Amino acid sequence: MSEINSNVTEKVLVLDFGGQYNQLIARRVREQNVYAEIVPYNKITTEEIKAAGYSGIIFTGGPNSVFDPASPHFSADILNAGIPILGICYGCQLIAYMGEGEICSAGSISEYGKIELSVKDSLIFDGIPGKSICWMSHTDYVKRVPDGFNIIADTQQCPCAAFADAERKIYAVQFHPEVTHTEYGKQIIRNFLYNVCECKGEWTMENFAKETIEKYREQLDGKKVLCALSGGVDSSVAAVLLHKAIGDNLTCVFVDHGLLRKGEAEMVEKVFRQQFNMNLICVNAKAQFLEKLAGVTEPEKKRKIIGEEFIRVFEKEAKKIGKVYALVQGTIYPDVIESGAGDAATIKSHHNVGGLPSVVDFEEIIEPLRCLFKDEVRGVGLELGIAPELVYRQPFPGPGLAIRTVGDITEEKLEILREADAIFTQEIVNDHLEKDTNQYFAVLTNTRTVGVMGDARTYGYTIALRAVSTDDFMTADWTRLPFKTLARASSRITNEVHGIGRVVYDITSKPPATVEWE
Ligand code: XMP
């Protein structure tokens with residue numbers, strides 16, 4: 001059986017039939033203050049669903065056709081389990097199929113995009129106008145609803161855009177309420193949760209923080225715990241949660257591998273030592289890392305060396321503390337859902353490694369953020385009093401500037417890159433563009449080009465600036481930064497950073513490129 005969170009009393013199951021919007025469905029539910037967890041359809045049974053005490057179930061969409069014998073199905077007894085159900089797209093057709101309604105595959109009915117929806121009176125359409133826009137994406141459609149069900153919405157093409165058995169509290173919508181293109185999608189999900197499932201809405205980050213602190217305070221009473229702090233939002237929030245729970249029994253180790261951005265190590269030390277008064281060990285391991293990386297140009301090799309060296313440094317520090325009971329990790333929910341999903345090719349090794357191996361002698365791994373989405377982690381961070389600048393920080397890769405310095409790494413190159421990156425960041429912040437881009441940084445290419453300064457020939461490095469807009473970092477578009485921001489960044493970088501002769505802006509999306517250059 002898949003992972004079920006038994007600490008939450010009110011929860012909804014998102015039964016996953018392989019749709020692309022499944023995480024979005026769970027997030028939409030949680031935005032309404034109800035905890036939702038995603039479980040693949042073949043990893044749970046009706047009995048287990050009943051035993052887990054879900055307030056409701058959402059059948060997700062999926063790419064298949066219910067007619068395909070290999071398509072995902074679920075035991076029809078779930079319809080009589082007494083738990084409210086909302087089926088979306090494929091999930092809607094599956095309900096019709098399970099209830100022995102009639103489903104047709106007809107090209108002429110297929111709908112894609114924004115479609116006008118007409119709704120009738122129903123608990124899930126409470127407060128929604130008779131006509132509104134919904135997002136459709138289907139070829140199969142329900143022609144006749146199963147016995148006991150009524151049609152509650154249609155579109156010009158689709159005679160049965162939604163149907164319901166109000167008595168058994170089963171609802172099915174052909175469209176996608178979870179995407180923002182569906183005008184009243186949020187309200188439909190809210191109606192399902194509150195009108196149909198009768199949820200109370202107890203899932204808030206304030207409650208989560210309080211309960212988590214309380215839980216670890218009891219569970220870890222008197223035990224020593226270790227945390228590898230990177231300064232990123234996940235490990236920072238995990239550390240502060242644990243610190244609030246167990247105080248000085250938590251020791252954080254921050255490894256400065258010399259591949260950090262300008263001022264980063266100082267900032268981490270200031271926040272965690274001064275503001276939170278934590279037991280913090282800052283290890284200056286710059287020389288050690290640079291020595292190991294000298295002359296290495298291959299990106300995967302750089303990652304491997306940094307990963308291994310990091311563990312070695314961490315292990316050495318941990319041993320000085322003596323026996324620790326547990327190690328804290330900042331794993332978050334998308335890591336949990338995505339781990340073990342498919343056999344994707346290894347593009348970059350970070351996608352396939354999960355934290356520190358068990359080189360340190362501890363009995364337990366504590367992952368306080370294991371059930372949270374990134375925006376929820378940020379919510380908890382703010383709740384705990386962590387400064388917004390840290391909470392909303394853009395992601396920064398573990399191997400740091402090593403994978404933004406193309407080719408071999410030297411102290412001189414890192415210094416050039418740090419300065420250029422700091423200027424680019426300042427210009428983005430000065431123009432209030434932080435919210436318009438999800439990640440932005442400078443890359444030191446290994447290319448030197450000819451230039452002219454005063455009357456003299458120069459031969460300096462080329463800096464590439466990169467800014468991307470993305471929801472999930474799996475795909476990304478290059479951000480259309482204003483020319484004036486780019487112009488100022490370019491002029492300042494070439495004037496203020498010695499050794500740079502040219503600045504270019506990276507206008508490649510992912511795919512085909514990746515976000516980082518290495
Ligand atoms: P890519 O370059 O794979 O980046 O498109 C997607 C996101 O992952 C980050 N990234 C890394 N994070 N270790 C990490 O912890 C790594 O080796 C690594 N490589 C890329 C990248 O910054 C972006 O946010």
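A: First, a word on the ground rules. This is a predicted model, where local features need pLDDT of at least 70 and side-chain atom pairs count only at pLDDT 80 or more, while totals for chains, interfaces and linings use all residues. Residues are numbered from 1 along each chain as its sequence is written, and side-chain values use heavy atoms, leaving out hydrogens and water.

Now to S13: seven of its seven residues are buried, so the strand is largely enclosed by the rest of the structure. Buried here means under 20% relative accessible area, with exposed being over 50% and partly exposed in between (1.4 Å probe, protein chains only). Strands (E, at least two residues) and helices (H or I, at least four) are DSSP runs, numbered from the N terminus. In a regular strand the side chains alternate between the two faces of the sheet. In S13, Leu250, Cys252, Phe254 and Asp256 point one way, while Thr251, Val253 and Val255 point the other way.

S13 belongs to an open sheet of five strands, in the order S14-S13-S12-S15-S16, with parallel pairing. Strands S14 (279-284) and S16 (364-366) stand at the edges with a single partner strand each, so one side of each has no neighbour in the sheet. On average, neighbouring strands are turned by 25 degrees against each other, direction ignored. Two strands pair if DSSP finds at least two bridges between them; S12 and S13 have four, in the parallel sense. Within that pairing, leucine 226 has threonine 251 of S13 as its bridge partner. On to the next pair: S12 (residues 225-228) and S15 (residues 326-328) run parallel over three bridges, and valine 225 is bridged to alanine 326 in S15.

What packs on this sheet? Helix H6 does, touching S12, S13 (250-256), S15 and S16, with its direction at about 155 degrees to that of S13. Contact means heavy atoms within 4.5 Å. Axes are lines fitted to C-alpha atoms, for helices over the stretch in contact, and angles run from 0 to 180 degrees between N-to-C directions.

H6 (residues 233-246) also meets helix H11 (residues 374-383): their axes come within 10 Å and cross at roughly 45 degrees. That makes H6 oblique to H11, oblique being whatever is left after under 35 degrees (roughly parallel), over 145 (roughly antiparallel) and 65 to 115 (roughly perpendicular). On the H6 side, Val233, Asp234, Val237 and Leu241 do the touching, and they meet Lys374, Val377, Arg378, Val380 and Gly381 in H11.
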